[in-house]
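Here is a short report on one protein structure. Please keep the sequence and the 3D view open while reading.

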Amino acid sequence: MKRSITVLAAVSLLVLAGCATDEPTASPSATTSAAAGAGTGEQSKFFVQADYDNELALLDVAPAGPADKPWEQVLNPTMVDTAKFKNKGPHKICFSNAALNNPWRQVGFKTMLAEVDAQRSRISEFVHVDAEGKDQKQIADINDLLGKNCDALIVSPNTTATLTPAVEAACKAGLPVVVFDRGVNTKCPVTFINPIGGYGFGHVGAAFVSQRMKPGGKVLALRILPGVDVLETRWSAAKVAFDKAKVDVVGVEFTDGDPAKTKKIVNDYIQRYGTIDGVWMDAGAVAVAAVEAFQDAGKPVPPINGEDQLDFLKLWKDKNLTAIAPTYPTYQWRTPIIAALNILDGTSVSNPWKLPQPTITQDNLDRYLDPSMPPLHYAMCGCTDLPGYPQRWK
């Protein structure tokens, strides 16, 4: 039987939508670079030592689950009972999405839609709402979904703190809530799904870059935007690694994920310092732009980390870069659909549901290169067995 959502819950969320005032911080163009050798600055308020220690430990943990289905695997599972949510299907699944504003999210969403198609016998309707990167829109979206008789609600929050009350209101309305990708500051969702996380990603990239530089060399750190937990923790872990290695972090700049802006920033630093010995990125979507800035300046490309976007992997191979690609796999977009269905079946799920987070290195690079797929496709899509592959992702 479908759950009806109380008017009180919907009204409560309307109040939240009107009262929330902490809009996402605008991305500055030169946030912390300041003077030469300004270093890594203060540690982020998002940094939690215990979480950092746990994520780094998870890098070495063998996952439980099907060996050929990493989107169903879990690291150190902690199972929670879901019997109270058992509901006869087929089900209406609703999804409040932070945005579709970059290739990673677009590839991931295609993967999610394909997973829905693969589960059509169990899903009667799938409702998707795109918040377009706006906190207030996402709050309003969730409020609207509470009146749509959803059987389960999936949320990928735009920012962490601002979306927390909206998620809590959905939980109080009686819906099983699944949060994935980016987190919120509440324990009320049935499960929070993501790979090992930002600390693991940030550490892997920063450790690689710093170990392949000369001692005291100059590092440029490129970030996308502030205020998102997974991005903040990536930088937090990188700061720890760079401080430990005693490298000279000459700039920490926000690129807004814009290739043209990225090129300009990198070129400015090349002009300012002559030599940049390493580049660290909190996400790899503009890694190619960073590499091209060095090429355009006639400078050698220093050790750099990107991600599993195919344009970067191809450039890495073609130009024999000194590179690494920690990943935040897009296969995680399959898992919330699987989790929601398990919960509605009354089957226990892990909370948190920590997925494995593979790293692409020089040794395994060839395994992930697929010239037949578009440049902005992500190698870790986990999508090759899904309906519509490969055309759906082209």
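Asn76 sits in the loop that runs between α2 and β1. The model is predicted. Asn76 is not a glycine, yet its phi is positive, about 45°. Its relative accessible area is 47%, so Asn76 is partly exposed. Asp256 also has a positive phi without being a glycine; the value is near 60°. The loop between β8 and α8 (259–273) holds Asp256. With a relative accessible area of 40%, Asp256 is partly exposed.

Two peptide bonds also deserve a look. Gly89 and Pro90 are joined by a cis bond, with omega near 0°. Pro90 belongs to the loop between β1 (79–80) and β2 (91–97). The bond between Asn351 and Pro352 is cis, with omega about 0°. Pro352 is in the loop between β12 (349–350) and β13. Most residues other than glycine have a negative phi, and most peptide bonds are trans.

## One side of α2

Which residues of helix α2 (residues 49–58) are buried? They are Tyr52, Glu55, Leu56 and Leu58. These residues span an arc of only 155° around the axis, so they lie on the same side of α2. Their packing partners are α6 (198–211), α7 (229–245) and β13 (353–355).

## Nonpolar cores

The largest nonpolar core counts 74 residues. Among those with the most contacts inside it are Ile93, Phe126, Trp316 and Ile337. Helix α11 (residues 335–344) supplies the largest share of this core, seven residues. A second core is separate and has 20 residues, including Val129, Val155, Val179 and Val184.

Neighbours within four places in sequence aside, Ile337 contacts Ile93, Met112, Glu115, Val116, Gln119, Ile123, Phe126 and Ile154.

## A buried charge

Asp311 is part of helix α10 (residues 310–319). What is the nearest side chain of opposite charge to Asp311? It is Lys314, 11 Å away. Asp311 is buried and has no salt bridge. A salt bridge needs the charged atoms within 4 Å.

The side chain of Asp311 does make a polar contact, at 3.0 Å, with the side chain of Gln309. Leaving aside neighbours within four places in sequence, Asp311 is in contact with Val288, Pro375 and Leu376.

## Strand β8

Val249 is in strand β8 (residues 248–254). Its relative accessible area is 1%, so Val249 is buried. Val249 and Asp277 are 28 residues apart along the chain, and their C-alpha atoms are 10.0 Å apart.

Note on methods:
Residues numbered from 1 in each chain as written. Predicted model: local features only at pLDDT ≥ 70, side-chain atom pairs only at ≥ 80, totals over all residues. Heavy atoms only, no water. Buried < 20%, exposed > 50% of the residue type's maximum accessible area, 1.4 Å probe, protein only. Helix = DSSP H or I, 4+ residues; strand = E, 2+ residues; numbered from the N terminus. Arc of directions from axis to C-beta. Contact = heavy atoms within 4.5 Å. Core = buried A, V, L, I, M, F, W, Y, C linked by side-chain atoms within 4.5 Å. Lys, Arg positive; Asp, Glu negative; His and termini not counted. Polar contact = N/O pair within 3.5 Å; in protein donor to acceptor, adjacent residues only side chain to side chain.
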